[in-house]
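Today I open my notebook on a new structure. I want to look up a few residues and write down what I find.

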Amino acid sequence: QVQLVESGGGSVQAGGSLTLSCEVSRHPNRYYWMGWFRQGPGTEREAVVGFYTGTGVTLYSDSVKGRFTASHDSRKSMLYLQMNSLKPEDTGRYYCAAAVRGLGTKDRLNPAAYEHWGQGTQVTVSS
């Protein structure tokens with residue numbers, strides 16, 4: 001069973017920065033799609049970034065482009081999310097997810113396509 005553990009959430013003021021980390025273990029594949037997703041109060045879970053560990057292909061949602069950066073450490077099986085210029089609308093619970101099967105273009109930012117999820121870490125941005 002794939003396991004994912006997130007860390008690094010917290011509370012910051014608008015304009016601040018946070019870095020989230022996700023440790024992956026027991027994934028059966030060497031290369032796979034991972035993603036960061038978030039869910040705010042009363043909202044559906046939405047994609048933040050999709051990342052392919054094989055080639056480093058990274059897909060960002062329009063709402064975070066230019067502000068967030070995903071990176072991966074294959075040795076440590078860690079996926080990171082550097083979040084800069086945070087806005088109150090970035091507030092939410094951030095989840096790390098991993099897919100086992102290959103994902104087509106339309107599924108790489110689709111939460112429903114990811115089979116394994118961490119428990120999430122809370123990010124709160126105050127104005």
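I looked up Cys22 and Cys96 and found both buried, where buried means under 20% relative accessible area, exposed over 50%, and partly exposed in between, with a 1.4 Å probe and protein chains only. I am working with a predicted model, in which local features need pLDDT of at least 70, side-chain atom pairs count only at pLDDT 80 or more, and totals for chains, interfaces and linings use all residues. Residues are numbered from 1 along each chain as its sequence is written, and side-chain values use heavy atoms, with hydrogens and water left out.

Next I checked the bond. A disulfide joins Cys22 to Cys96, with 2.1 Å from S to S; the rule asks for a pair of cysteine sulfur atoms within 2.5 Å. I noted that Cys22 sits in strand β3 (residues 18-25) and Cys96 in strand β9 (residues 92-98), 74 residues apart, so the pair links distant parts of the chain. Strands here are DSSP runs (E, at least two residues), numbered from the N terminus. The torsion about the S-S bond of Cys22 and Cys96 is about -80°, so I wrote down "left-handed" for this disulfide. The count by this rule is one disulfide.

Then I turned to Arg67. Is Arg67 buried or exposed? I found Arg67 buried, at a relative accessible area of 10%. Arg67 belongs to the loop between β6 (58-60) and β7 (68-73).

Last, I looked up Thr105, in the loop between β9 and β10 (116-117). Thr105 is exposed, with a relative accessible area of 65%.

Definitions and conventions: Helices (H or I, at least four residues) and strands (E, at least two) are DSSP runs, numbered from the N terminus.
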